[in-house]
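Me: I am new to this structure and would like to know what lies behind the terms used for it. Please take me through a few of them.

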Amino acid sequence: MSVDDRRAGLLQPRTAVRGLPLYAPDVAPCAVDVSENVNLWGSPPASLRAVTSAAPERMNRYPSLYSTPLRDAVLAYLGLSEANGIGLVSGCGSDDVLDAAIRAFGEAGDEVAFAAPTFVMIPIFTRLNGLVPAVLPMGPNYEVDPQRLVDRRAKITYLCTPNNPTSTAMTREAVEYVVDHAAGLVVLDEAYAEFAPDVFTSLVTRSERLLVTRTFSKAFGLAGLRVGYGVGSTAIVEAVTRARGPYKVNALAEAAAVAALSEGPDALGWVTARAADAVTIRERLASALRELGLEPAPSAGNFLFVPTSRAPAIAREMRQRSVLVRALSGLPHDIAGVKAADGHALRIGVGPWESMERLLEALREALACA
Ligand code: PMP
């Protein structure tokens, strides 16, 4: 082997990294962009003020090591307490927390079990950390089978409710069954909890194997600042914190997130009012879609999942009318509606009704010609 060959070998990225595509959704600039499930009303005014006032004095310094002020504010928001053995780990988006949780608990070759389709980053973080995805099917009506998940005896079991991209929620019975019977760590992703009729965060007080992750990117309107967190028993949280490393939430993001959690109509009141708007408009949009002959899945999030074999063409036509929705293809056929749509679906974020009217207009036109 020549020196050059050896150098080439040393410069090879890890196999798991070489095989990974870059995340590359369609991000064409459009007048109405409902492709990302973010808060389409904007950000809490209190957070905007907090960023402006924190910037001059905090930008030249490192943020707090492990975001202690944020931890205290979030635990109070969730009605949880360190006194009950509960801890919190924050991160650069809940992505960061999910990634660190897999790294903290999974040895190379261990399995991460989940029902598909689910959040696209989960198989990616799984492989990046040297673990193996154990992909289980959903039922014909978007059900997650708790017994199948438990029977897999994976090192890590991932649940997502409401689930991205299907928008559907798991039943309390199913969530509790997995939490009570899984062999290893259970990660319950509640990124869309603020829009859901039932939330399961408080199960952390009943199970030491549960990490619940949530985010400021959706209802809280701070996706651009990248703040998320996980709550669970102090032992789990401590391990995830170690795997995560220090300084992951930047100073301005932390100030904005803490401000959003304060009481008042331009802080937490703003967040809850906009989440309630999203739920109302979600139902209005769902019936408008049904009138157009589409069949959105029953949604518990701030977006709709609409199986249709024409998804790619419809999305293309809508984009030409400056409306960006997410077209998904290659989805598993276990869900009856997705099978009928040959694995294609649209994912449509919910926002102010005026933008939904614009979306519906583009959709009607797209359906006529796609
Ligand atoms: N979980 C789910 C289910 C999501 O849909 C997303 C964002 N698309 C995330 C986690 C990650 O969100 P963030 O990193 O912005 O907190």
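Me: What makes β11 and β12 a pair of strands in this predicted model?
Reply: Two strands pair if there are at least two bridges between them. β11 and β12 have 3 bridges, in the antiparallel sense, so they meet the cut-off of at least two. At R326, the bridge partner in β12 is R347.

Me: Why are β9 and β11 said to stand at the edges of their sheet?
Reply: The sheet is open, with 3 strands in the order β9-β12-β11 and antiparallel pairing. β9 and β11 (326-328) each have a single partner strand, so one side of each has no neighbour in the sheet. On average, neighbouring strands of this sheet are turned by 20 degrees against each other, direction ignored.

Me: How do you know that the span of helix α11 agrees with its number of residues?
Reply: Helix α11 covers residues 268-291, which is 24 residues. Just after α11, G293 has a positive phi of about 90 degrees.

Me: Which residues of α11 are called buried, and what do they pack against?
Reply: Buried means under 20% relative accessible area. In α11 the buried residues include W270, V271, I281, R282 and L285. The buried residues of α11 pack against several elements, among them α3 (45-58), α10 (251-260) and α14 (353-369). They also pack against β9 (303-307) and β12 (345-349). α11 lies across these two strands, β9 and β12, and runs at about 20 degrees to β9.

Me: What makes β2 and β8 a pair of strands?
Reply: The cut-off is again at least two bridges. β2 and β8 (residues 228-233) pair over 6 bridges in the antiparallel sense, so they count as a pair. G87 has G232 as its bridge partner in β8. Both strands belong to an open sheet of 7 strands with mixed pairing, in the order β2-β8-β7-β6-β5-β3-β4. β2 (86-91) and β4 (132-137) are at its edges because each has a single partner strand.

Methods. Residues are numbered from 1 along each chain as its sequence is written. This is a predicted model: local features need pLDDT of at least 70, side-chain atom pairs count only at pLDDT 80 or more; totals for chains, interfaces and linings use all residues. Side-chain values use heavy atoms; hydrogens and water are left out. Helices (H or I, at least four residues) and strands (E, at least two) are DSSP runs, numbered from the N terminus. The expected span of a helix is 1.5 Å times one less than its number of residues. Buried means under 20% relative accessible area, exposed over 50%, partly exposed in between (1.4 Å probe, protein chains only). Contact means heavy atoms within 4.5 Å. Axes are lines fitted to C-alpha atoms, for helices over the stretch in contact, and angles run from 0 to 180 degrees between N-to-C directions.
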